[in-house]
Amino acid sequence: MRSTRRDEILAHAAKLFSERGIAATTVRDIADEVGILSGSLYHYFDSKDAIANEIVVRFLEDLNVRYEDSIEPEGSARDRLATMVSVSFASAVDHPYATEVYQGEAILSSQPADAPITVLVQKAHSYWRSAITRGIADGAFREDIDPEQFHRLLRESVWSTVAQYRPQLSELAEDLQRNLISVFLDGFAARSVDGEPVARIARRAAKTEVQTESPDSELAELRSDVDELKSVIRELSSSIRLLQKP
């Protein structure tokens, strides 16, 4: 599709907003990057804030369409989340700096409940939550990890990784998403015995009070796995906070 002048303005503005922030970027800065007069820019947008809003709205609208289109009703919850990670990277590549602008600007990430950006963000979050909820209900995901915490850690890790690797994102996206999927989804997956989810086995065992050969050792091993994953989550959470500091 041929790029329009509006598209050029949005692309240059997104990079400037990401690097300098909205407040420190002037209309003249944007116009100079595009190669037009400052006054001419107002033929396309009413204000600098209008440009910032459209950058984020376009990105979120496209992201939600991609999430919706990627749903396969018969697919597993793990496959659903893995696909969403891949879709997120693809959308970030096609909308350079949009997620960085959103995350770095409180004015964009803290809007009224009925604002277009807020509505679109909540819709995007709903796709993550529904996949996680389904996976726990199906016994595919562990029940001992708070689903909302997992949701936020996974989602924020995706966008923090996008920001950190932005210059090489197109080249590294496949490797980055594979690593994220491995760390989060393999860690979140319920342990299985002969292919059956451990969570489901545990529920059945509790109901029937069937004793295993070595319940103490199995419980100790499960607790060890939980402690290890919690440690990884704490480290990832700390890294995310560091990445998001100005």
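A term to start with: buried means under 20% relative accessible area, exposed means over 50%, and partly exposed is in between, using a 1.4 Å probe and protein chains only. This is a predicted model, where local features need pLDDT of at least 70 and side-chain atom pairs count only at pLDDT 80 or more, while totals for chains, interfaces and linings use all residues. Residues are numbered from 1 along each chain as its sequence is written, and side-chain values use heavy atoms, with hydrogens and water left out.

**Whole chain.** Color by secondary structure to begin. The chain holds 12 helices and 2 strands; here helices (H or I, at least four residues) and strands (E, at least two) are DSSP runs, numbered from the N terminus. Along the sequence the pattern reads α-α-α-α-α-α-α-α-α-α-β-β-α-α. Of the 246 residues, 40% are buried. Contact means heavy atoms within 4.5 Å, and among contacts with a separation of 6 or more, 73% are between residues 24 or more positions apart.

**Thr99.** Select Thr99, in helix H6 (residues 98-104). Is Thr99 buried or exposed? With a relative accessible area of 3%, Thr99 is buried. Leaving out residues up to four places away in sequence, Thr99 touches Phe59, Trp159, Val162 and Arg166.

**H5 and H9.** Now show helix H5 (residues 77-94) with helix H9 (residues 147-164): they pack at about 30°, axes 10 Å apart. That makes H5 roughly parallel to H9. Axes are lines fitted to C-alpha atoms, for helices over the stretch in contact, and angles run from 0 to 180 degrees between N-to-C directions. Angles under 35 degrees count as roughly parallel, over 145 as roughly antiparallel, 65 to 115 as roughly perpendicular, and the rest as oblique. From the H5 side, pick Leu81, Val85, Ser88, Phe89 and Ala92; they meet Phe150, Leu154, Val158, Trp159, Thr161 and Val162 of H9. By class, the contact of H5 with H9 has 9 nonpolar, 2 polar and no charged residues. (Ala, Val, Leu, Ile, Met, Phe, Trp, Tyr, Cys and Pro count as nonpolar, Asp, Glu, Lys and Arg as charged, and the others, Gly among them, as polar.)

**H4 and H5.** On the H4 side, select Phe59, Asp62, Leu63, Arg66 and Tyr67; the H5 side includes Arg80, Met84 and Ser88. The class count for H4 with H5 is 7 nonpolar, 2 polar and 4 charged residues.

**Aromatics.** Show the rings next. The whole structure has 6 aromatic pairs. Rings of Phe, Tyr and Trp (its six-membered ring) pair if their centres lie within 6.5 Å; planes under 30 degrees apart count as stacked, over 60 as edge-to-face and the rest as tilted. Tyr67 and Trp128 are an edge-to-face pair, 6.0 Å centre to centre with 85° between the planes. Tyr67 sits in helix H4 and Trp128 in helix H8, 61 residues apart. Tyr67 is buried at 0% relative accessible area, and Trp128 is buried at 1%. Then pick Phe141, Phe150, Phe184 and Phe188, which ring pairs link into a cluster.

**Ile117.** Last stop: Ile117 in helix H8 (residues 116-138), buried at 1% relative accessible area. Which residue 60 positions away has its C-alpha atom 6.0 Å from that of Ile117? Val57 does. Beyond neighbours within four places in sequence, the contacts of Ile117 include Asn53, Leu60, Tyr102 and Gln111.
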